[in-house]
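Visitor: I have a structure open and a few questions about how it is put together. Can we go through it bit by bit?

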Amino acid sequence: MRRYRRTLVAAALATTMVGGTAGWASGSSQRPVTGPPVGSAAWRADDSLGRALPDPATATPGQVASFFATLTPGQSQRLVRRHPLVVGNLDGAPVALRYEANSRAVRAEHDPRYERLAEPGRQILAFDPRGRGQVAEVYGDLATARHVSVVVPGSDIDAATFDRTNDPYGTPAGMAGSLRAATDGRTAVIAWAGYTTPVGFGLDVATGDLAEAGAGRLSRFTQGLTAAGVGKPALFCHSYGAVVCGLAASEVNATDIVVLGAPGMRAGHRADLHTDARVWAAKDPSDWISKVPHVEIAGLGHGQDPTAPSFGARRVPAELAEGHTGYFVPGTDSLRAFAAIAQGRTTQGQVTQSHSTRGQNTQGRITQGQNTQGEVR
């Protein structure tokens, strides 16, 4: 009976404590944005090329890529002008065309929320004005980068808060920029705010509904990168974003899945993710996420702590990070480790369950300057 009571208390706490980056606040229920891009009906009805265009609702990223490979530059430009929101969000379409299409689409909105996204030189790979707005931006050159990473954020992130200046390392734009700088510009990083995130601390953050919708969008997004000729990325999943990555793990094209400040991954063990990607986990001692009960009962809570030795993930050091949004701060051990993973400097050695203290090099941790099993140099 005592154990049962503890479980109920944990479930109740999970409904109020699991969240993202915005601090303690009440939450409001969100309806996830799903389905094909805005303008898909007009796209399907377009016969200007004398043949059917790939249906955004049913065509695979590979089929989309094959279709665009048959077009002349003039035909591609015609589609960009006529259907910018479709081309800009069509996974598998050429990256350069998506940049151009989304630049047009953002400017056409005439919305103050998107003014900064419309600035010249920004490489917007996805833009969806529905709901609170979704966006993905590329830092670096996807065409030439040997390694690519995707940052998946947690709660309270949308097109308006994508690159907010306060708490910069708690935004996907700030995380992506910091990660690329930590690799000395040798990688390309995508800040992906491509799903409807929870707002505040309501029921949404304790359930997996929004994460399930986001997982489908993330899976298709990574498959689109592969179809467009971009290498498999490493995923860096923060807070509620770790739930998204956990649910997407079996279908995403990724070399690594790195979760940080995670409330769980909707899995009891790494093997439950059914992925060939390497799985890493980080949590700093001062992160309030440690107070979140790691349970999953009747759909509430997100399961085991990915940093727990029993989960089986490779542990990332984070002793120098501070708080829930401090993992990408320059000078931290976590950022150095992330940069090493982003550049592919990992082994596939057996994961150990040992723990290190500050300044020590121990198996199962990523450290600098030592090459041991399960670590990064």
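Visitor: Which residue is the bridge partner of V150 in β4?
Guide: I190 is the bridge partner of V150 in β4. This is a predicted model, where local features need pLDDT of at least 70, side-chain atom pairs count only at pLDDT 80 or more, and totals for chains, interfaces and linings use all residues. Residues are numbered from 1 along each chain as its sequence is written, and side-chain values use heavy atoms, with hydrogens and water left out.

Visitor: In which sense do β3 and β4 pair, parallel or antiparallel?
Guide: Parallel, over four bridges. Two strands pair if DSSP finds at least two bridges between them. The strands (E, at least two residues) and helices (H or I, at least four) are DSSP runs, numbered from the N terminus.

Visitor: Which way do the side chains of β3 point?
Guide: V148, V150 and V152 point one way, while S149 and V151 point the other way. In a regular strand the side chains alternate between the two faces of the sheet.

Visitor: And how many residues of β3 are buried?
Guide: Five of the five, so β3 is largely enclosed by the rest of the structure. Buried means under 20% relative accessible area, exposed over 50%, and partly exposed in between, with a 1.4 Å probe and protein chains only.

Visitor: What is the strand order in the sheet?
Guide: Eight strands form an open sheet, in the order β1-β2-β4-β3-β5-β6-β7-β8, and the pairing is mixed. The edge strands are β1 and β8 (314-315), each pairing on one side only.

Visitor: Which helix packs on the sheet and touches β3, β5 and β6?
Guide: Helix α9 (residues 240-248) does, and its direction makes about 135° with that of β5 (233-238). Contact here means heavy atoms within 4.5 Å. Helix α10 (residues 333-342) lies across β3, β5, β6 and β7, running at about 165° to β6. For these angles, axes are lines fitted to C-alpha atoms, for helices over the stretch in contact, and the values run from 0 to 180 degrees between N-to-C directions.

Visitor: Is β1 mostly covered or exposed?
Guide: Strand β1 (residues 124-128) is mostly covered, with five of its five residues buried.

Visitor: What joins β2 to β4?
Guide: Five bridges, and these strands run antiparallel. E137 has A191 as its bridge partner in β4.

Visitor: New topic: helix pairs. At what angle do α8 and α9 cross?
Guide: The axes of helix α8 (residues 209-227) and α9 cross at roughly 60° and come within 8 Å. That makes α8 oblique to α9; angles under 35 degrees count as roughly parallel, over 145 as roughly antiparallel, 65 to 115 as roughly perpendicular and the rest as oblique.

Visitor: What kinds of residues make the contact of α8 with α9?
Guide: They divide into ten nonpolar, two polar and two charged. Ala, Val, Leu, Ile, Met, Phe, Trp, Tyr, Cys and Pro count as nonpolar, Asp, Glu, Lys and Arg as charged, and the others, Gly among them, as polar. The contact includes L210, A215 and L218 of α8 and V243, V244 and L247 of α9.

Visitor: What about α4 and α6, how do they pack?
Guide: Helix α4 (residues 73-82) and helix α6 (residues 95-109) pack at about 30°, with axes 9 Å apart. That makes α4 roughly parallel to α6. Their contact involves S76, Q77, V80 and R81 of α4, together with L97, E100, A101 and R104 of α6. By type, the residues of this contact are three nonpolar, two polar and three charged.

Visitor: Is H274 buried or exposed?
Guide: Exposed, at 60% relative accessibility. H274 lies in the loop between β6 and β7.
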